[in-house]
Amino acid sequence: MTVTATESGTPENGTPGIGAPAPQEPRDAAAPFAPARLAERARALADHPEEWVHRVRLDPQGRWYERVHQDADHEIWLISWLPGQSTGFHDHGGSAGAFAVALGTLEEHRVRTHREVGAGQVRSFGPDYVHDVRNTSDAPAVSVHVYSPPLSTMRRYDLDAGGELVRLAAESADDW
């Protein structure tokens with residue numbers, strides 16, 4: 001299916017394309033998108049692989065990722081995961097976020113819990129949320145991630161012997 005953009009930046013099929021701005025809502029111009037809105041954006045893109053599947057790469061050396069959109073309010077990333085690949089425990093600095101699994105299955109781990117996130121499912125979260133996302137399946141996976149405001153820093157963590165988070169390092173946007 002070919003999708004063409006209208007002047008508003010929304011394709012004629014009604015879904016926002018990768019490079020298109022998110023639909024505008026009345027809001028404080030300085031306020032970032034809320035997690036629920038980020039989840040909607042991630043789901044809308046994940047549901048339309050014809051918009052992005054040609055970009056995806058599978059890399060046995062590590063997760064492949066590409067930023068496919070960024071503006072002052074939010075950014076969008078595509079990530080592919082081979083079996084066994086993971087993020088490690090991390091947060092998103094002061095950014096809220098959401099990710100939608102488009103293909104395959106991922107697991108989201110928190111300090112004391114984990115959940116499976118399959119194709120068509122979305123997770124959203126507020127600032128400073130710490131998790132580890134992993135592909136524990138036997139097949140590749142692809143996910144769409146949306147952050148607002150755009151990521152400026154991420155902190156990496158490990159678990160100590162008691163199962164508590166220990167901060168290891170901070171990365172800035174220049175690191176990725």
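## Helix 1 and what it lies on

Contact here means that heavy atoms come within 4.5 Å of each other, and axes are lines fitted to C-alpha atoms, for helices over the stretch in contact, with angles that run from 0 to 180 degrees between N-to-C directions. Helices (H or I, at least four residues) and strands (E, at least two) are DSSP runs, numbered from the N terminus. In these terms, helix 1 lies across strand 2, strand 3, strand 6 and strand 8, and runs at about 25 degrees to strand 3. The model is a predicted one, in which local features need pLDDT of at least 70 and side-chain atom pairs count only at pLDDT 80 or more, while totals for chains, interfaces and linings use all residues. Residues are numbered from 1 along each chain as its sequence is written, and side-chain values use heavy atoms, with hydrogens and water left out.

Helix 1 (residues 35-46) has twelve residues, and the distance from its first C-alpha to its last is 16 Å, close to the 16 Å expected at 1.5 Å a residue, where the expected span is 1.5 Å times one less than the number of residues. A residue is called buried under 20% relative accessible area, exposed over 50%, and partly exposed in between (1.4 Å probe, protein chains only). The buried residues of helix 1 are Arg37, Leu38, Ala39, Arg41, Ala42, Ala44, Leu45 and Ala46, and their cover includes strand 2 (75-81), strand 3 (96-103), strand 6 (122-125) and strand 8 (141-148).

## The whole chain

The secondary structure of the chain comes to one helix and ten strands. Of its 176 residues, 45% count as buried, and residues 24 or more positions apart account for 65% of the contacts with a separation of 6 or more.

## The open sheet and a hairpin

Two strands pair if DSSP finds at least two bridges between them. Five strands form an open sheet in the order 1-2-8-3-6, with antiparallel pairing; the edge strands, each of which pairs on one side only, are strand 1 (64-70) and strand 6. Neighbouring strands of this sheet are turned by 15 degrees against each other on average, direction ignored. Strand 3 and strand 6 pair in the antiparallel sense over four bridges, and phenylalanine 99 stands opposite arginine 123 in strand 6.

Strand 4 (residues 105-109) and strand 5 (residues 114-118) are also an antiparallel pair, with five bridges, and a hairpin joins them through four residues. In this pair, leucine 106 stands opposite valine 117 in strand 5.

## Two backbone details

Most residues other than glycine have a negative phi, and most peptide bonds are trans. Aspartate 128, however, has a phi near 65 degrees, a positive value in a residue other than glycine. Aspartate 128 is found in the loop between strand 6 and strand 7 (132-134) and is partly exposed, with a relative accessible area of 44%.

The peptide bond that joins serine 148 and proline 149 is cis, with omega at about -10 degrees. Proline 149 lies in the loop between strand 8 and strand 9.
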